[in-house]
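Please look at the sequence and the structure shown below. A short walk through the fold and some of its side-chain contacts comes after them.

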Amino acid sequence: MAAKSSFLQAVILLVFGATGDIGRSIAKAALSHHDLVTTVGQSREDTLISTHSLFRAFPDCSLPLLCDIRVRSTVEEVIQRSITHWGRIDIIANCTGYGVIGACEDQDEYDIRNQFETNFFGTINILGASLPYFRTHRRPRARKTASTKFHQLAAATSSSAAPVEPLACLD
């Protein structure tokens, strides 16, 4: 955090799915611009140690947390802990997703339900838990990314790409 001339200049992101490819790219891009990021991993697959290790180069600028976005109370807890830690949230990036590959009739019902719970209700939980805060603080910046946006994000965060403004890949 010391690299920013002022805490008020830092953009504060909360990145759900920060342990996946897209979320990790967004978080690292923000951290490389000396912004502050709450990096959220999946409580079903990650640990706080594994989530923290992805961003260990930025120990003062990242807050690793875990949640299951299918469970609204865990989403609410992550949002509250992020606000408590940083003092505010400017942007929420939902980079979570669950894909089932193959013919519909060949899929296990558990996988299909899990995909729907994650991709639909997880997004609803994040929006429902965050919109009251954003409305109160007049900071409505939430994004849902999908793998179809990966190439645009990768180009925007690549070191070989032309310089971009901080977090331009989210606009």
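The paragraphs that follow go from the overall fold to the strands, then to a loop residue, the salt bridges and a group of aromatic rings.

The model is predicted. The protein chain has 171 residues, of which 39% count as buried. Five helices and five strands are found in the protein chain. Their order along the sequence is β-α-β-α-β-α-β-α-β-α.

Strand 2 pairs with strand 1 (residues 12-16) in the parallel sense, over five bridges. Within this pairing, L14 has T38 of strand 2 as its bridge partner. In strand 3, the residue opposite T38 is L63.

Next comes the loop between helix 1 and strand 2, where H34 lies. Most residues other than glycine have a negative phi. H34 is not a glycine, yet its phi is positive, at about 65°. With a relative accessibility of 37%, H34 counts as partly exposed, because that class lies between the limits of 20% and 50%.

The charged side chains form six salt bridges in the whole structure. One of them joins R24 and D21, with 2.8 Å from N to O. Both residues belong to helix 1, where they are three residues apart, or about one turn of the helix. R24 is partly exposed, at 23% relative accessibility. Another salt bridge joins D68 and R70, whose closest N and O atoms are 2.8 Å apart. Are the two partners buried or exposed, or something between? D68 counts as buried at 10% relative accessibility, while R70 counts as partly exposed at 24%. The cut-off for buried is under 20%, so the value of 10% places D68 in the buried class. A further salt bridge links R81 with E77, the closest N and O atoms being 4.0 Å apart. R81 and E77 lie in helix 3 (residues 72-86), and because they are four residues apart there, about one helical turn separates them. R81 is partly exposed at 44% relative accessibility, and E77 is partly exposed at 46%.

F116 is located in helix 4 (residues 109-137). Together with F120, F121 and I124, F116 makes a nonpolar surface patch of about 360 Å². F116 is partly exposed, with a relative accessible area of 46%, and F121 is partly exposed at 35% relative accessibility.

The structure holds four aromatic pairs. One of these is the pair of F116 and F121, which is edge-to-face, with 5.7 Å centre to centre and 80° between the planes. Ring pairs also bring F120 in, so that F116, F120 and F121 are linked into a cluster, and these three residues are among those that make the nonpolar surface patch.

Key
Residues are numbered from 1 along each chain as its sequence is written. This is a predicted model: local features need pLDDT of at least 70, side-chain atom pairs count only at pLDDT 80 or more; totals for chains, interfaces and linings use all residues. Side-chain values use heavy atoms; hydrogens and water are left out. Two strands pair if DSSP finds at least two bridges between them. Helices (H or I, at least four residues) and strands (E, at least two) are DSSP runs, numbered from the N terminus. Patches are made of residues with over 30% relative accessible area and no salt bridge: like charges are joined within 9 Å, nonpolar side chains (Val, Leu, Ile, Met, Phe, Trp, Tyr) within 5 Å. Accessible areas come from the Shrake-Rupley method with a 1.4 Å probe; for residues, only the protein chains shown count as cover. Buried means under 20% relative accessible area, exposed over 50%, partly exposed in between (1.4 Å probe, protein chains only). Rings of Phe, Tyr and Trp (its six-membered ring) pair if their centres lie within 6.5 Å; planes under 30 degrees apart count as stacked, over 60 as edge-to-face and the rest as tilted.
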